[in-house]
Amino acid sequence: MLKEIESLKERIKNYSLKTPADLEVFKREITGKNGIINEFFERFKQIPSEEKKIIGGALNQLKQLANEMFYLAQEQIENSRNKLDFDFTLPSKEIMAGSQHPISQVMEEVISIFERIGFVVKDGPEMEDDWHNFSALNFPDDHPARDMQDTFFVNKNEKIVLRTHTSSIQIRTLENELPPLRFIAPGRVYRCDSDATHSPVFHQIECMVIDKNVSFADLKDVLYYFVKAFFGENLQVRFRPSYFPFTEPSAEMDIGWNVDGKFKWMEILGCGMVDPNVLKNCNIDPEKYSGYAFGVGVERLAMLRYKIRDIRLFYENDVRFLKQF
Ligand code: PHE
């Protein structure tokens, strides 16, 4: 029987195991339930016990060899099949590229319009103390203008608020730098206000110029330059007298636009000549220096530019809306 095992071993080694069909044949003829190896094990039961040790060892070796051949071949077939299945010429999965939010686009554009005429960009914190958001801007404690801004308080006792306007950056800059100054300050601001044209979080760009002999004519000049650069030539603009504690005189600027076939005015910014008290609060001599400031609502600009009627669309993050920009 040993001889037969030897020759079976040679036969097994000569099997070609390249395809799944080869594997099936091998299993049927050699390693399977009705294969020849099992047949040998059946015969093994009949042999005299003194031969069992040697023949048993040889048989087990044979079985191991056959199984190893089988699994190795199976693995190789699997691997090569994976490679073949991958078609390198297929187009790749679509990658959804995001785009810049319309508010960011408008902010960047406004910044670049002002940078062209020598303005630099300043920044300030969104959580402000009472001094920078109100007091230094000439809001007395009991001033009605203080209630005018319905404010989110972070800490009522210490009077820490989410800044209600970017005008706080006027103070932060005036406290730290010497005139002449010419800057804009974009940022997020917060108010308890919510409807189609008001959002509790929105964006403003503050603008300030402090120098010698600055006049209201300079302010109007810069504003006309700005709206022309941003909206183009044929645009209706009007100034209305207004009130802010930190400017005197003050005005609001509206822009005319057509909604649903009707002509309407939309307020886009507040402006005015810097109140001497603001300069004094920041240790700047109002006899020597004067200036103007304005704060423009970024959402309002974007609504006019893209004819969007509801401010809330900017914050819903609906891709159908966002991918149009
Ligand atoms: N801070 C004012 C507002 O939020 C706008 C403004 C800025 C007015 C600068 C005058 C000067 O309504």
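How are H9 and H11 oriented to each other: roughly parallel, roughly perpendicular or oblique?

A: Happy to take a close look with you. Please keep in mind that this is a predicted model.

Let us start with the two helices. Helix H9 covers residues 216-231, and helix H11 covers residues 298-306. They pack at an angle of about 45°, and their axes are 11 Å apart. Angles under 35 degrees count as roughly parallel and 65 to 115 as roughly perpendicular; H9 and H11 are therefore oblique to each other. On the H9 side, the contact is made by Phe 226, Phe 230 and Phe 231. Their counterparts on H11 are Leu 301, Leu 304 and Arg 305.

Now follow H11 to the sheet. This helix lies across strands S6, S8, S9 and S10, and runs at about 150° to S9. These strands belong to an open sheet of seven, with the order S1-S5-S6-S10-S9-S8-S7 and mixed pairing. At the edges stand S1 (120-121) and S7 (237-244); each has a single partner strand, so one side of each is left without a neighbour in the sheet. Another helix, H5 (residues 102-115), also lies across part of this sheet, namely S1, S5, S6 and S10. H5 runs at about 5° to S6.

S8 (247-259) is one of them, and S8 pairs with S9 in the antiparallel sense over 11 bridges. Within that pairing, Glu 252 has Gly 270 in S9 as its bridge partner. The two strands form a hairpin with two residues between them, and Asp 260 in the turn has a positive phi of about 50°.

On to the next pair in the order. S9 (residues 262-274) and S10 (residues 290-297) are antiparallel too, with five bridges between them. You can find this pairing by looking for Leu 269, which stands opposite Val 296 in S10, or for Met 273, whose bridge partner in S10 is Tyr 292.

At 8% relative accessibility, Ser 199 counts as buried, because the cut-off for buried is under 20%. A polar atom of the Ser 199 side chain lies 2.5 Å from the backbone oxygen of Val 201. Leaving aside neighbours within four places in sequence, Ser 199 is in contact with Arg 191, Asp 193, Ile 311 and Tyr 315.

The structure holds zero disulfides. Cys 282 is in no disulfide, and the nearest cysteine sulfur, that of Cys 207, is 16 Å away. Cys 282 is buried, with a relative accessible area of 6%, whereas Cys 192 is partly exposed at 36%.

Finally, there is an open sheet of three strands, in the order S2-S4-S3 with antiparallel pairing. S2 (127-129) and S3 (153-155) stand at its edges, each with a single partner strand, so one side of each has no neighbour in the sheet. On average, neighbouring strands of this sheet are turned by 35° against each other, direction ignored. S3 and S4 (residues 160-162) pair over two bridges, and here Asn 155 stands opposite Ile 160 in S4.

Note on methods
Residues numbered from 1 in each chain as written. Predicted model: local features only at pLDDT ≥ 70, side-chain atom pairs only at ≥ 80, totals over all residues. Heavy atoms only, no water. Pairing = 2+ DSSP bridges. Helix = DSSP H or I, 4+ residues; strand = E, 2+ residues; numbered from the N terminus. Contact = heavy atoms within 4.5 Å. Axes fitted to C-alpha atoms, helices over the stretch in contact; angles between N-to-C directions. Disulfide = S-S within 2.5 Å. Buried < 20%, exposed > 50% of the residue type's maximum accessible area, 1.4 Å probe, protein only. Polar contact = N/O pair within 3.5 Å; in protein donor to acceptor, adjacent residues only side chain to side chain. Parallel < 35°, antiparallel > 145°, perpendicular 65-115°, else oblique.
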